[in-house]
Each structure stands twice: as C-alpha cells, then as structure tokens.
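Let me put the structure up, and then I'll walk you through a few places in it.

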Amino acid sequence: MKKTIILSALGAMFMASCADEFDTNNYYAGDRPAKSAAYAYLDDYEPLKEYVDHSKYPNFKLGIGTTASDYLKKELVYALVNSNFEETEPGNCMKMASCVNYDNGSMDFGTVSEYVSTATEAGLSVYGHTLAWHAQQPVKWLNSLLKDKELDIDPDAKIEKEVYKQDWTKAGSYTMWGQFPEAINAKATATSDGLTVTTTGTIPNFWELQYMVADGISLEEGAEYVMRLEIQGNPANDNLHYAIGAWGNDVKTGVIDFNGNMETRDIKFTTTAAVTGVHMLLQSGDYAGSYTIKSVALYKLESPAVEVEKEVNFYTYENKPDGPFPHYPMGATPPIVNGALHFVPDGSWSQFFVVPGGDNQLEEGDYVFYLDMAADKTASGIQLTVQNGWGGDAQNFTAAVPVEPGRHTYALKFPGLTGSPSKNYDCILKPQTADATLDFYSLKVCKVEKLNSIPLTPEEKKDTLTWAMDRWIKGMMEACEGNVKAWDVVNEAISGADLDGDGIYDLQHGQEGNKDDFFWQDYLGDLDYVRTAVALARKYGPEDVKLFINDYNLESDWDQNAKLKSLIAWIQRWEADGTKIDGIGTQMHISCYANAQTQESKKAAIENMFKLMARSGKLVRVSELDMGYVDANGASVKTGALTEDQHKEMAALYNWIIQKYFEIIPAAQQWGICQWCATDAPSDSGWRKDEPVGLWDKDYYRKHVYAGFATGLAGMPYEPGK
C-alpha cells in the first residue's frame, strides 16, 4: 500500500499516535524486504472499498471482522479498517458472554458503546454479531435461573402424608370381639353416618371389649404420625379408651373425652422402632352409651418436601416391530398393529410381557407406571405386574387396571419397589378375565422423588428465559443507540442431522456432558426460540433494523447444500406466524484445494448456494469469509509453507467467489461481503491457527489475495502479478 494513500486516509489516527513509528516499521512502505519484486505491483492498488461500484450495487457493503480492543486503540487496525472497508463487525465484543457476567448476570456494555460510536464517527456502519446463540453464553448465570424453586414455607413445619384411610360411611363389613366371649355385650350398626357401637358399660375391664377400626399398617422407626378420627360419643361426659399398635406392642394408648358432637380428633405419636401389622382398637368395655366413628386415617409427618415424578423409561411400539413378546399360555403372541400391541382374548387365562426385563432397569424406590391403552369395551380383571426375576427370590408388585372403552392413559402407583441385583423388572399385562380387545401403545415409568425444592415447570423455564433474553437484547440495543442497523439475530441454529426424518436438518440441541454451551431452543422451543429473538430485536432496535440468520457449511458439497435448504425451510416455519426474517448470512470459512476435482466440487456447491439464496428472496450476506489452503494429500498448509503459486490460486478463488456473488445475487438482495480475517492467523491464534486466512500478512503487508479480492470487487479477472 502506498504510504501517500495511507497518510491521506489516516489523519485522525496520526493525531493520536506517532507517524514515525509506522515509518520505522515499514508497514506501508513499498520496499518490502526480500519480496519487493514479486509484490511491488500491489503498491499500485487502491484501498479495497474503492473498487466497489455503488452505481451498480447500491446496497452492497464491504465489511471486515475486527477485534474491538485493537480497533479502539486507533492505531494500525483502526487505520486499515477505516481506509479499506465500509462496514465493521466485531468478532466477540457483542456476544452475550462478553457483556453479561458469567456468575451473576450483571451487564456491562461499555466496550460495545465505545466501539459503535468510534466506528460510526469514522464513517463506518457496524454489523451486530450476535443476539442469540448457544455458544459464548454466561452459562452459569443462565443455568442458575433454571434451578429448582425452594419451598416457601416454614422449615420447622411438617407436612402430612396419608398412609392409611378407612371411611366407615362406605364400609361394607366390620369386626368386633371380646377377649372373653361371654363378656361381650355390645351392638354395632353400620349406616351412611358411619359405624355406631352401643355398649352397656357393665364389663369390668375396658379392654375386654375391643373394636378394630384400622388394621394392616406399617410404621417406620423414628417417624412422627397423626391418627385422625372423625367420631362422636353420647353421653358426652364419659371417656373411650383406644390403643394403637400391634398385638403385644402398644405404640400409643389413651382416652377420648367426648363433647357430644361429631368432631375430628388428632392423636400424635412418634415411633421408636419399626412396627408392622399395626391396628387401632377402640376399647369400650367400661363405656355406657353409644359412639359413632365416621372415618379414621393415619398421616406421616414429614419435613417440607414435594414428590416429583422423574421419567426413567418410556417404551413405545410405534417403531418397534421387534417382538415377539412372550405370551402364556404359549401360542400366538400379540402382534404390533398401528403402533400398539394388539391383544384379542380367546377366553383363556393369559398374560404377556409389555416390557422385557432388560429394558426396565429400576432402582429401589416408589414409582408410577403410565399405561397408554385402548379397549373396545369395559374390561375387568386386568392387572399390571412388575417383577424383578423368577423363583423364590422374585418380588411381584401388582396393580389393577380399570379399563374403560376408548383410549386412555392409566396411572398405576407402585410404592416400595425393592430393587434387585440386576435391577431388571419385567412388566407383564394380565388380561386374565377380560373379554375386551386391547391395544397397548406405550408404558412410561416415572420414579417418585422427594425434594425440598420444586423443579420449574417447562412453562416457567420458558417464561424465565424469555425474560432473560428480553433483558439482554434490550440492554444491547440501548447501548447501540440505534446506530447498528443489521444483526445476526440468531447464529448457528441448524444442526447437520435429520433425526426426526422430516427431510430437513433439525436445530442444534444440548448434548449430555456439554457444559460449555447453553441451548435456548431446548427451553423456548424450536419455533419460539427464533421468533422471540426476532420480536425482541424489532421491539428494541431501530425501526429499519435488518435481521439475519447466520450459519456455516451452507456451501457444503458433501450433502448438496442440504444445510442451506434446511435453513430456508426453517425460515418458512419461523415466518408462518408473521415473524419477519430479512436475510441469510453464510459464513464461508473455506479452503482452496490443490486437487482440481475437489476444487470444482466445492465451487459448484458455492455457486448452487448463491442460487438457492437468491431464490429465497432474502437479503444475502457473505458474513465471515476467510480461506486456507489444502494440498493434494488433503493436508492443511501452514502460512510459512505456502508457495507463491498457491498464494495466487487462493487469489483466483477469492476473485471467482466475489464475481459469482455479484453475478447471481440480484442487486436488491445484496447486503455485502465481510472478510473475517484482515491478516494471517498467528501460531497462537484460537481461530485457524497459523493459516493464511488474511488479505494482509501478519506484518500488515498486502498479499496476492489482496489483488484477487480487489479485482473481484471491480468485476475484473485476476491476472497474477498485475
């Protein structure tokens, strides 16, 4: 670059720094050491932006990727950017992790504000990069927003968990006995009001006449309980004895003093040891009168906690025609019909496995099994059995399935699964007395976990992250003060795989073990992720803001531009509700290939990319163009090993790409081209380390690719050395 040109372009810079420094380092001098003959022709080139014909391409902007800290020094980078380009895009300073504190979410847009104002004052437009992305996010803070909610209750309070309930208004039988049969002198009557017992009070010992109102209860060691009775006694001035415990092991005894009204009585006690076979006896040998018991229930008192169902297995037959599923008595096993196990009863005893043991690995604990079933009529006698093996050591847990006509999901509770060494549980459906035809679609198994905090619901997580995105985008737009007119609103959303088989690539999503990235779409949804970002950018940005979806590998030849085709299809989905996306950005981090066949394949895909983007009707931006070199053996060539001929091959490819852009993309759809790297990457670079990705070398001397780039902008063929 001619020194006279740089001096005239950089008056502002030289006011702030010493011109002698640049002369001493010969950054812009024509007499470059050891290369003067081969590179002297480059001194005759104008700054790059001078080659853009805005009469033909009025919307086109020539951009460069910059490091904000280097630009803000107002030295070398500032000079190069202002003299050669029309638009600048920061590599990192506008990304969320650069502005939002990783630990606490506090926001600092100081660098952004300074960068935007400095570039704007220099006559450059600023392109914003980027508002929504999964990488370079304040992951710790964002995850903290999604943590479980602590229960907002008194930590010293207790909650009641019902472990037993007997409603005597619905009881069909009762038991009454005396320890000495000849002493029994009582009458019991069951009515809709409960069970009424009438006694004479003539038995010498109160415990010789006992009535069992609860039975078959197990108590845990050290646990607190409440036995709650709804009871009324007449007369009201006498007492009724009670005993809670097992035979020969009373846990709690006492008396109930009546007041003549039906009332609730709470009997609290704490166990010192585990007790099974617990009952409650009302002992009325010395009570003269009648008492009515309506209900009795036992509650365990626990520290504040909630039960949360965590899905551990979901078994469906939609895509699993991989039976057979064992059936007894042996014979034809249920076939899979329309995604369901189809069972037609033959009148005999039967059972069949809906989930074999190897697919159901369950730890010890409480579970809920959700059965998705359909029946043609009401069916009785159907059970689901869960068992952890066979023989004497096997444990079976069985629950009745109340099947109704039509398709329903039935929730069956299996408390206290004990686990097994293999943890493999067979799930067996037993339609033993049913005459209904059954279709069994799926089985979902959820483990019930007790927590002292409550996980946020999906809706709460979505609402919380929508707030976080609103806060972030509003803050960024306010910092830019309306001076940034175009943005990568969403960056790198498309994956490279079609997992759901709909013909287009899915969005990227979080993978297990990836703790460095934060995928907003996992919580906002594939549609609302982009729609929300677009809506907020339009809400807080300038009225004329342009919003782009930016992605890489859109020029891919290995899948015939499938990623770009998928992105265009996703844009149609996102816009179905009225959302407006203005443009597509293609990153184009490419290479020049020594293998001619490979290079032609790459060029054909680039050309097809431009054609697809043109047909989309969207604005088209080459957003992050840079180039390396790959030799005939497929190896990346480092800058120091690159030959003069290879430099010139790269220059010719730059020329071809730029001319194809102008040739294929209509002028009304052209946004521009942004060269991502001004200079070659140093050996310690985090981006394409030690590769020849710049238009200038590391000492800021022009390279042959500068000529290829400039002639491409001018619509002229590239001729090496001219």
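Let's start with strand β2, residues 87-90, which is covered on both faces. Glu-87 and Glu-89 on one side, and Thr-88 and Pro-90 on the other, are all buried; buried here means under 20% relative accessible area, exposed is over 50%, and partly exposed is in between, with a 1.4 Å probe and protein chains only. As a reminder, in a regular strand the side chains alternate between the two faces of the sheet. Strands are DSSP runs of E with at least two residues, helices are runs of H or I with at least four, and both are numbered from the N terminus.

Before I go on, a word on the model: it is predicted, so local features need pLDDT of at least 70 and side-chain atom pairs count only at pLDDT 80 or more, while totals for chains, interfaces and linings use all residues. Residues are numbered from 1 along each chain as its sequence is written, and side-chain values use heavy atoms, with hydrogens and water left out.

Which strands does β2 pair with? Strand β1, residues 61-66, pairs with β2 in the parallel sense over four bridges, and two bridges join β2 to strand β3, residues 125-132, again parallel. Pairing requires that DSSP finds at least two bridges between the strands. Gly-63 has Glu-87 in β2 as its bridge partner, and Thr-88 has Val-126 in β3.

Now for the rings. How many aromatic pairs does the count come to? It comes to 26, where rings of Phe, Tyr and Trp (its six-membered ring) pair if their centres lie within 6.5 Å, and planes under 30 degrees apart are stacked, over 60 edge-to-face and the rest tilted. One of them is Phe-258 with Tyr-287, edge-to-face at 5.8 Å centre to centre and 65 degrees between the planes. Phe-258 sits in the loop between β12 (249-257) and β13 (263-270), and Tyr-287 in the loop between β14 (275-283) and β15 (288-302), so this pair ties together parts that are 29 residues apart in sequence. Phe-258 counts as buried because its relative accessibility is 6%; Tyr-287 is buried too, at 0%. Tyr-287 also forms an edge-to-face pair with Tyr-291, at 6.1 Å and 75 degrees.

Elsewhere, Tyr-41, Tyr-45, Tyr-51, Phe-85, Trp-696 and Tyr-706 form one aromatic cluster.

There are charges over rings as well, meaning NZ of Lys or CZ of Arg within 6 Å of the ring centre and within 35 degrees of the ring normal. Arg-407 has its charged end over the ring of Tyr-441, 3.5 Å from the centre, and Lys-444 does this over Tyr-370 at 5.2 Å.

What about disulfides, that is, cysteine sulfur atoms within 2.5 Å? The count is zero. For Cys-93, the nearest cysteine sulfur is that of Cys-99, 6.6 Å away.

My last stop is Met-588, in the loop between β30 (583-586) and β31 (589-593). Is it buried or exposed? Met-588 counts as buried because its relative accessibility is 1%. Leaving out residues up to four places away in sequence, the residues that Met-588 touches include Glu-555, Ile-606, Phe-610 and Ile-657, a contact being heavy atoms within 4.5 Å.

Definitions and conventions:
Disulfide = S-S within 2.5 Å.
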